[in-house]
Each structure stands twice: as C-alpha cells, then as structure tokens.
Amino acid sequence: MSHRRLILRQTGATLVALGLSAASRSDMGKAPAVPTAASRQSLYQLKIPLTDQSGAAAWWGEFGEAVRPAGKKEAHPRLVGMFYTRCDMVCPMLFESIRMMEATLPEVSRQRLRVSLITLDPERDDVASLKKTADQRGGEPERWRLYRSDPRDVRKIAALLGVQYRRLDSGDFSHSAPVILLDGQGVEVGRTDQITRPDPAFLKLLAKVADNPT
C-alpha cells in the first residue's frame, strides 16, 4: 500500500511539474500544506542516479545511508531543494536561506545535518557549473552537495518533492523554491516556502529533527 501511495503522489506532483495541473502559477508562493498521512513515507525508495559537484556518482536512494567506520549506517536529517546555477534571484536567496537556517542550530546538530540541492537544468549545469556554485554559495563541502541528473529523473525528483517548474523561452525557469526537511529515514517532516525571512515554526521543527534524526 505504501508503494501505491508513493506512485499516486508522484503522479499528481508530476502533472503539476509538467504544467498539466489546473493550479495557476500564482499558487507557487502559497504556504504548503502539512504533509498528509499518504506522504509520511521514505522518499528514498526510488533509486535515481546522480552526479555531484566533484563528479562523484551517487544515488538518490543512498541519501540516508551514510556508513560509519564500524559498518553501521548513520541517519542524517536533510534539507532538500531544487535550483539552477544561472538563476540570479530566487536561487541565491534559497542558498542564503538554508545557510541562515543551519546557523541557528547548535554545532553538534548542525554537523548531523545534510543539504542536498538538485539542479532543474542538467542540460546546462555540468559538474564544473555545480562546483563553481558550491564554492560561491554552498556551505561545508562534507555536508552540502549539489547534484545533477538525467532530465527525466529531474522530473521524478521534482515530483517527489512537489517542486513546480516550467522552462521559459529564454531558457530560464519559473519555479517554486520550497525547502523540504527529511528525517534520517527520508520521510518528509516539514517544508517552508519562506526563503526571504525566517520561518519560526520551521526552524523549531528543524532543531527538533536535527537533535533526534531518527
């Protein structure tokens, strides 16, 4: 049943991402609903190939599987979002907002936190572009990773995350920019669209999850 619910959620979000929903673009800035019971499952179930800013291969499904030297898997809470490197307004604010969010955490909690940002524009955002953006705007490299994937898989990720986007004639993108908080198992526990000012409720939730990721 959980797998079926995941497929249904993906399908609905994919329609939105492809512009097939009846919702208008004016809805992008509205505060998202609290995750429903159907969405309270790991988003790591899909195995989507990714490449990070160092050129290293990764899998979406491995995000929650950091392995300690002793061989035990360590759960990491994660902030996830989508961007593109040529964006000169919303995406820089997205990066800065996440940096401000993690700065509110105690050092121990902050070191547990991971940040994963996936480009909406893999056709132009190669590894070199990701690295340049990571160096300019990212946080600690061991915790912050920027990723690219196949365009078809980008649509799958956007569907999973509920990110709405549309490519414009100019080559730029009209897109929503939510910051999604996943617990150590990849379950969405919260999100915020407030990237221009602090979201007290989201910061409180982030502190709670970062202190107890499982």
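Q: Which residues of helix α4 are buried, and how wide an arc do they cover around the axis?
A: In this predicted model, helix α4 spans residues 127–137, and its buried residues are Leu130, Thr133 and Ala134. These residues lie on the same side of α4, because the arc they cover around the axis is only 100°.

Q: Which exposed residues does the face of α4 turned away from its buried side carry?
A: The buried side of α4 is formed by Leu130, Thr133 and Ala134. The face turned away from that side carries exposed residues, namely Ala128, Lys132, Asp135 and Gln136.

Q: What covers the buried residues of α4?
A: The cover includes one helix, α2 (90–103). It also includes the strands β1 (49–52), β5 (78–83), β6 (114–119) and β7 (144–148).

Q: Why is the pair of Tyr44 and Trp60 edge-to-face, and how many residues apart in sequence are the parts it ties together?
A: The search of the whole structure finds 5 aromatic pairs. In the pair of Tyr44 and Trp60, the ring centres are 6.3 Å apart and the planes stand at 75°, over the 60 degrees required, so the pair is edge-to-face. Tyr44 lies in the loop between α1 (2–17) and β1, and Trp60 in the loop between β2 (57–59) and β3 (66–67), so the parts tied together are 16 residues apart in sequence.

Q: Which residues form one aromatic cluster with Phe83?
A: The rings of Phe83 and Phe95 have centres 5.3 Å apart and planes at 85°, so they make an edge-to-face pair. Phe83 lies in strand β5 and Phe95 in helix α2, so the pair ties together parts 12 residues apart in sequence. Both Phe83 and Phe95 are buried. The residues that form one aromatic cluster with Phe83 are Phe95 and Trp144.

Definitions and conventions
Residues numbered from 1 in each chain as written. Predicted model: local features only at pLDDT ≥ 70, side-chain atom pairs only at ≥ 80, totals over all residues. Heavy atoms only, no water. Buried < 20%, exposed > 50% of the residue type's maximum accessible area, 1.4 Å probe, protein only. Helix = DSSP H or I, 4+ residues; strand = E, 2+ residues; numbered from the N terminus. Arc of directions from axis to C-beta. Contact = heavy atoms within 4.5 Å. Phe/Tyr/Trp six-rings, centres within 6.5 Å; stacked < 30°, edge-to-face > 60°.
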